[in-house]
Amino acid sequence: MVAPESGPAFAMTPLGISDPPEISVVVPCHNEQGNLRPLVEGIVASLQPLGRTFEIVIVDDGSTDASWRVLQELVAGGAPLRALRLARNCGQS
């Protein structure tokens with residue numbers, strides 16, 4: 001479980017769709033604070049022209065940098081993003 005001072009373990013924006021998205025992009029993340037904004041922007045820029053519904057799911061694998069804060073900011077800014085945070089680093093398995 002995530003410590004209360006670190007914020008909720010799940011954050012998501014309403015995606016503005018009533019049906020499940022047609023495309024889901026799932027991305028693991030560990031200490032990637034500097035790469036998250038460009039990654040999300042690049043995924044959105046690539047998928048929007050397709051005209052299909054999509055979501056981005058980023059799983060923070062116990063980052064010790066500001067990755068979770070960046071994900072929360074992206075969610076608050078309206079990115080089509082679901083962010084999940086694991087309480088500790090679980091590694092590749």
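Select E73 and R69, whose side chains meet in a salt bridge (2.8 Å, N to O); a salt bridge is a side-chain nitrogen of Lys or Arg within 4 Å of a carboxyl oxygen of Asp or Glu. This is a predicted model in which local features need pLDDT of at least 70 and side-chain atom pairs count only at pLDDT 80 or more, while totals for chains, interfaces and linings use all residues. Residues are numbered from 1 along each chain as its sequence is written, and side-chain values use heavy atoms, with hydrogens and water left out.

E73 and R69 are separated by about one helical turn, because they stand four residues apart in helix α2 (residues 67-76). Helices (H or I, at least four residues) and strands (E, at least two) are DSSP runs, numbered from the N terminus. E73 is partly exposed at 32% relative accessible area, and R69 is partly exposed at 47%; buried means under 20%, exposed over 50%, and partly exposed in between (1.4 Å probe, protein chains only).

Next, select R82 and E55, which form a salt bridge of 2.4 Å, N to O. R82 lies in strand β4 (residues 81-85) and E55 in strand β3, so the pair ties together parts 27 residues apart in sequence. E55 is buried at 10% relative accessibility, whereas R82 is partly exposed at 22%.

Finally, select R52 and E22, a salt bridge whose closest N and O atoms are 3.5 Å apart. R52 lies in the loop between α1 (36-47) and β3, and E22 in the loop between β1 (10-12) and β2 (23-29).
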